[in-house]
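Colleague: Could you take me through one part of this model in detail? I would like to hear about the salt bridges and what surrounds them.

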Amino acid sequence: IGFPTADALGKTGVEISGSVITINVDAGSDYTYDEAIGSDVTRVVKTGSGRLIINVDNSSFKGAVDINEGVLLITHCGALGRSDAANRLLDGPITVANKAQLYTKLIRQGQSFEQLSKRLILSGNGPDGADNKSKGALVAHPSGTAAGGSYVQDAWIAHVELAGDAMINIVDSRNVKIEDVT
């Protein structure tokens with residue numbers, strides 16, 4: 001199955017084709033997708049070299065996520081759905097292509113990134129031009145700042161498959177746990 005590239009979509013926007021949502025974000029742009037991604041969606045595809053932000057709870061989403069270009073920033077613990085241990089290998093994986101990045105950063109107190117119990121397949125070292133603090137196919141940044149002070153959240157990431165020269169960047173290692181890396 002082929003999926004649209006940034007060139008096919010042409011500009012920042014969302015295309016829904018059957019049960020697949022493709023979101024393109026142009027270079028130098030940020031786009032926040034704040035619509036629910038439900039159980040009827042089988043795949044979310046991120047294209048374009050810009051930054052897509054998903055900050056809503058999509059816990060019922062069990063489909064695959066393909067980050068083909070640019071950065072997908074998730075700021076909610078259920079942004080990409082949730083998988084329990086029994087279904088981790090059955091639910092759709094999160095695949096990060098070379099020159100792309102999944103960036104996790106909590107901005108709400110009392111959350112943890114347990115949704116990353118979904119299988120992760122990582123390639124490369126992130127987008128071109130990223131500085132050392134934000135380089136990597138996966139950037140786990142569990143710290144956040146709330147009104148009135150700062151707090152640190154947990155990032156728990158399980159079942160990570162590294163392809164080729166995949167790079168993981170842990171911004172604050174105090175509360176990050178990565179297990180089952182192959």
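Modeller: Happy to! Let me start with R43, which is partly exposed, at a relative accessible area of 24%. Keep in mind that this is a predicted model. The side chain of R43 meets that of D66 in a salt bridge, with 2.6 Å from N to O. R43 belongs to strand β4 (residues 43-47) and D66 to strand β6, so the pair ties together parts that are 23 residues apart in sequence. D66, for its part, is buried, with a relative accessible area of 10%.

A search of the whole structure finds 2 salt bridges. In the one between D30 and R51, the closest N and O atoms are 2.8 Å apart. This pair also links distant parts of the chain, as D30 sits in strand β3 (residues 30-33) and R51 in strand β5, 21 residues apart. R51 is partly exposed, its relative accessible area being 34%.

Now for the nonpolar side of the picture. The largest nonpolar core has 26 residues, and those touching the most other members are I54, I67, L72, L80, I94, V96 and L102. Strands β5 (51-54) and β6 (64-67) are among the elements that give two or more residues to this core, and so are β8 and β10. Another core, of 5 residues, lies apart from it and includes I53, L73, Y103 and V139.

To finish with β8 and β10: these strands run parallel and are joined by 3 bridges, and V96 has L122 as its bridge partner in β10.

Definitions and conventions. Residues are numbered from 1 along each chain as its sequence is written. This is a predicted model: local features need pLDDT of at least 70, side-chain atom pairs count only at pLDDT 80 or more; totals for chains, interfaces and linings use all residues. Side-chain values use heavy atoms; hydrogens and water are left out. Two strands pair if DSSP finds at least two bridges between them. Helices (H or I, at least four residues) and strands (E, at least two) are DSSP runs, numbered from the N terminus. A nonpolar core is a set of buried Ala, Val, Leu, Ile, Met, Phe, Trp, Tyr and Cys residues joined through side-chain atoms within 4.5 Å. Buried means under 20% relative accessible area, exposed over 50%, partly exposed in between (1.4 Å probe, protein chains only). A salt bridge is a side-chain nitrogen of Lys or Arg within 4 Å of a carboxyl oxygen of Asp or Glu.
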